[in-house]
Amino acid sequence: MLPPATPIDSLTTTATSQLSTISTAADWVTIIAFPLTLIGLWVTYRQSRKTKSAADAAKDSAKATSDKIESFQYMATLSRNIELLKGCPRLLLESQWLETARHLTEARDQLLVIISNEKRQDEINRLKTIKDKLNIDIRNLYSHVNDESYDLLIDKIFDRISEIHEIFVTKQEAVRKS
């Protein structure tokens with residue numbers, strides 16, 4: 001049998017013991033680094049979820065703000081048309097047919113917006129009937145500007161103004177409550 005190998009010099013012995021120490025230190029660093037890596041991944045995942053939640057919240061907030069602005073614009077338009085309708089009876093009594101027709105045309109346009117936003121078919125049909133009658137009233141106002149026998153039509157127009165005014169005020173209250 002051969003005798004066990006003996007180191008040739010003391011440098012080899014020292015190098016072998018240092019490699020063993022380095023190897024052991026590297027193992028400990030790996031053992032410690034692995035859980036830290038997992039914790040880092042978990043923290044990164046949580047942060048990305050929070051960022052996504054914040055982005056969704058910002059998007060929802062922007063949508064809500066946009067809806068509020070639209071609501072305010074709708075309210076302003078309704079208010080303006082209500083005021084125009086309030087002036088129509090005076091204009092009719094003063095025989096200002098063209099100005100009345102202009103106000104009723106704007107009210108009809110607002111009625112079209114209300115119809116486009118309505119969901120119930122029976123209400124859509126009712127509003128379309130009013131719109132059709134309003135179109136006839138507007139046409140009559142434009143075509144009978146100088147007609148002295150126009151007094152009979154004025155009563156119908158007064159009724160239509162009241163009906164449309166009621167619709168606008170009701171819609172304005174609904175928007176105000178929402």
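This report walks through a predicted model of one protein chain, from its overall layout to a few single residues.

**Overall layout**

Let us begin with the chain as a whole. Its secondary structure consists of four helices and zero strands, and the elements follow the order α-α-α-α from the N terminus. There are 178 residues in the chain, and 25% of them count as buried. When contacts between residues at least 6 apart in sequence are considered, 72% of them join residues at least 24 apart.

**Helix α3**

Helix α3 covers residues 121-143, which is 23 residues. From its first C-alpha to its last it reaches 33 Å, close to the 33 Å expected at 1.5 Å a residue. The buried residues of α3 include Glu-123, Ile-124, Leu-127, Ile-130 and Lys-131. Leu-134, Asp-137, Ile-138, Asn-140 and Leu-141 are buried in α3 too.

**The nonpolar core**

The largest nonpolar core holds 27 residues, and Leu-85, Leu-104 and Phe-168 have the most contacts inside it. Two or more residues of this core come from each of α1 (10-93), α2, α3 and α4.

Which residues does Phe-168 contact, leaving aside its neighbours within four places in sequence? They are Leu-78, Asn-81, Ile-82, Leu-85, Ala-107, Gln-110, Leu-111 and Ile-114. Not counting residues up to four places away in sequence, Ile-82 touches His-165, Phe-168, Val-169 and Gln-172.

| Residue | Relative accessible area | Class |
|---|---|---|
| Ile-82 | 5% | buried |
| Arg-160 | 10% | buried |
| Leu-98 | 46% | partly exposed |

Why does Arg-160 count as buried? Its relative accessible area is 10%, and buried means under 20%. Arg-160 sits in helix α4, residues 151-177. Setting aside residues up to four places away in sequence, Arg-160 touches Ile-130, Lys-133, Leu-134 and Asp-137.

Leu-98 is placed in helix α2. Leu-98 counts as partly exposed because its relative accessible area of 46% falls between the 20% and 50% limits. Although Leu-98 and Tyr-142 are 44 residues apart in sequence, they are 6.3 Å apart in space, C-alpha to C-alpha. Another pair to look for is Ile-82 and Ile-161, which are 79 residues apart in sequence and 9.8 Å apart in space, again C-alpha to C-alpha.

**The largest pocket**

How much space lies in the largest pocket? The volume is about 160 Å³. Its lining is made up of Tyr-74, Val-113, Ile-114, Asn-117, Glu-118, Lys-119, Lys-171, Ala-174 and Val-175. Helices α2 (97-117) and α4 are the elements that give two or more residues to this lining. By residue type, the lining divides into five nonpolar, one polar and three charged. Ile-114, part of this lining, is also one of the contacts of Phe-168.

Methods:
Residues are numbered from 1 along each chain as its sequence is written. This is a predicted model: local features need pLDDT of at least 70, side-chain atom pairs count only at pLDDT 80 or more; totals for chains, interfaces and linings use all residues. Side-chain values use heavy atoms; hydrogens and water are left out. Buried means under 20% relative accessible area, exposed over 50%, partly exposed in between (1.4 Å probe, protein chains only). Contact means heavy atoms within 4.5 Å. On a 1 Å grid over the protein atoms alone, a cavity is a set of points where a 1.4 Å probe fits but cannot get out, and a pocket is an open set with protein on both sides within 12 Å along at least five of seven lines; lining residues have an atom within 4 Å of a point. Grid points are joined across faces, edges and corners, and a volume is the space filled by probe spheres set on the points. Ala, Val, Leu, Ile, Met, Phe, Trp, Tyr, Cys and Pro count as nonpolar, Asp, Glu, Lys and Arg as charged, and the others, Gly among them, as polar. The expected span of a helix is 1.5 Å times one less than its number of residues. A nonpolar core is a set of buried Ala, Val, Leu, Ile, Met, Phe, Trp, Tyr and Cys residues joined through side-chain atoms within 4.5 Å.
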